[in-house]
Amino acid sequence: MAQCTPLILRIVASSVSVAGQAGKIIRDVMKKGELGIIDKGVNDLQTEADRSAQNFIISTLTKQFPGVTIIGEEEPSCYEALDNVTADSDTSVLQATCPPDLVSVSEKDVVIWVDPLDGTSEYTKGLLDHVTVLIGIAVGQRAIAGVIHQPFHNFKLCDENKIGRTIWGLQGYGVAGFKPIPPPPNKRIITTTRSHFTPEIQETLDAMCPDELLRVGGAGHKVILLMEGKAHAYVFASPGCKRWDTCAPEAVLRAMGGELTDMHGATYDYSKDTPHANTRGVLATALASDHEFYLKMVPQKIRELLI
Ligand SMILES: Nc1ncnc2c1ncn2[C@@H]1O[C@H](COP(=O)(O)O)[C@@H](O)[C@H]1OP(=O)(O)O
Ligand SMILES: [Mg+2]
Ligand SMILES: [Mg+2]
Ligand SMILES: [Mg+2]
């Protein structure tokens, strides 16, 4: 790969390739049927697919970008250096024009947030469309690029070449791998958690009076629903999500023209020493111009709880 290609494009190109390969690891574990489920806490599972996919992603990216900080969801005990990893890059990303303000970013400025398998609870239940691989790229405090790979997209076609899709986005460039569709006007469709529902989420949704509610798993999957025009807003008035759940979705959504913030309207910090928990919840909208409208409907009591 030409070293004159800006670092940020090289990281996105490698992340696109690595996410697709991690998706195959996730499908192979499901095919084998031995999920190796471990309980990490309350309503918080890990499987062999989470472990193996993270090991592969971090081994590969570390080898290519040794000066970049990489933070993954699963514990470092799951990470072993793999000698035989292939260091591919997606050539279409390398051909993209780098936004001028990102041309001279260096390795020490970058943090990569890895969620090797988002939607683990749904994965263990066979709700395979809800699963994504998330690789988010931050420069300083800001999520500026992201890759969302959906390993079981078109799974029913049974043709290995047509299974899975990868969407990537870069601030100042836009999104690729997918043609975004605007949500229907004059409607209020909200997507929220399937497996981490709480009375506070219910109270927030009641205040927002949606025409339709889509309860599905995964932060990546819900942002895909926003991009597909199937929902207007993603509402999670609860503290369970972490930075690796939102870094890639936030960057991709914003590159499309949407927005993702906490429930107070502030952006999360993605620098390397930041806390991992998204304690102030998540609010995402397909159209950034709608964001304020949804923010205003969050009950004061819920805002005070999410600090
Ligand atoms: N209470 C929680 N504990 C652990 N992870 C959570 C919790 N709430 C949300 N998450 C993470 O955020 C994602 C989106 O949440 P939800 O599907 O409930 O809307 C989940 O798939 C899970 O990521 P992961 O599957 O990677 O562990
Ligand atoms: Mg998890
Ligand atoms: Mg996750
Ligand atoms: Mg995960």
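Trainee: How do the residues of the shell around ligand 1 divide into nonpolar, polar and charged?

Mentor: Three are nonpolar, nine polar and six charged. Ala, Val, Leu, Ile, Met, Phe, Trp, Tyr, Cys and Pro count as nonpolar, Asp, Glu, Lys and Arg as charged, and the others, Gly among them, as polar. Bear in mind that this is a predicted model, where local features need pLDDT of at least 70, side-chain atom pairs count only at pLDDT 80 or more, and totals for chains, interfaces and linings use all residues. Residues are numbered from 1 along each chain as its sequence is written, while chains are lettered from A and ligands numbered from 1 in the order in which they are written.

Trainee: Which residues are the closest to ligand 1?

Mentor: T120, T193, H196, G217 and G240, out of 18 that surround ligand 1. A residue is near a molecule if its C-beta atom, placed from the backbone, lies within 6 Å of it.

Trainee: What makes strand β4 mostly covered?

Mentor: In β4 (residues 110-118), nine of the nine residues are buried. Buried takes 20 or more other C-beta atoms within 10 Å of the residue's own, exposed 12 or fewer, and partly exposed falls in between, with C-beta atoms placed from the backbone.

Trainee: Which way do β4 and β5 run, parallel or antiparallel?

Mentor: Antiparallel, with seven bridges joining β4 to β5 (residues 132-139). Two strands pair if DSSP finds at least two bridges between them, so seven bridges make β4 and β5 a pair. V110 stands opposite V139 in β5. Strand β3 (residues 69-72) runs parallel to β4, with four bridges, and I70 has I112 as its bridge partner in β4. Strands here are DSSP runs (E, at least two residues), helices likewise (H or I, at least four), numbered from the N terminus.

Trainee: Which strands form the open sheet, and in what order?

Mentor: Five strands, β10-β9-β11-β13-β12, with mixed pairing.

Trainee: Why are β10 and β12 the edge strands?

Mentor: Because β10 (212-216) and β12 (259-261) each pair on one side only. Five bridges join β9 (residues 189-193) to β10, and these two run parallel. In β10, E212 is the bridge partner of I189.

Trainee: How confident is the predictor, by mean pLDDT?

Mentor: The protein chain has a mean pLDDT of 95, and 95% of its residues reach 70 or more. pLDDT is the predictor's confidence in each residue, from 0 to 100. The model also scores ipTM 0.99 and pTM 0.97.
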